[in-house]
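Here are a few friendly notes to read alongside the structure. Please have it open as you go through the points.

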Amino acid sequence: MPTPESAATAAELRTAMGKLTRRVKHEDRIPLGQIAVLGALDRDGAMTTSDLAADQRVRPQSMARVVGLLMEQGLITRRAHPTDGRKSLAELTDAGRAALEAERGRRAGWLAQAIEAELTDEEQAVLARSAALLERLATH
């Protein structure tokens, strides 16, 4: 059972992270679900629609729609699976990689400007150290 202090910190952190996430989303030009798929393909390489659905924790039918939209936009393409002729792999196109990098740049750019504008040098140092702690919590 968490201590009252840990529970209060968790509640405050969850609220702050939610607000920050929503604010960063305002910089998006590509819907979050589509960006998440592009990011997964960039990180992990070509994947089947089923693997993407499992990775994103959505139904395969929902992922098939997202993959279709991304293909229509020329951001991903399909190729034959190397060992299973019944499957195909989705992979980023050059346009998809460029769109993903632009999206990441917009998000990081806004956040970097906000950090510089709103935080003192000392607060920026604390935040930099906190990033590793947040990463540890995210992988727990």
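1. Helix H4 (residues 60-72) has 13 residues, and at 1.5 Å a residue it should span 18 Å; its end C-alpha atoms are 18 Å apart, which agrees. The expected span is 1.5 Å times one less than the number of residues. Helices (H or I, at least four residues) and strands (E, at least two) are DSSP runs, numbered from the N terminus.

2. A word on the basis: this is a predicted model, where local features need pLDDT of at least 70 and side-chain atom pairs count only at pLDDT 80 or more, while totals for chains, interfaces and linings use all residues. Residues are numbered from 1 along each chain as its sequence is written, and side-chain values use heavy atoms, leaving out hydrogens and water.

3. Which residues of H4 are buried? They are Met63, Val66, Val67 and Leu70 (buried is under 20% relative accessible area, exposed over 50%, partly exposed in between; 1.4 Å probe, protein chains only). They cover an arc of only 100 degrees around the axis, which puts them on the same side of H4; the arc is that of the directions from the helix axis to the C-beta atoms. Arg65 and Glu72 are exposed on the other side.

4. The buried residues of H4 pack against helix H2 (32-44), helix H3 (49-56) and strand S1 (76-80), with contact meaning heavy atoms within 4.5 Å.

5. Just after H4, Gly74 has a positive phi of about 75 degrees. Gly74 is also among the residues touched by Thr93, which lies in the loop between strand S2 (88-92) and helix H5 (94-118). Thr93 counts as buried because its relative accessibility is 17%.

Definitions and conventions: Lists of a residue's contacts leave out its neighbours within four places in sequence.
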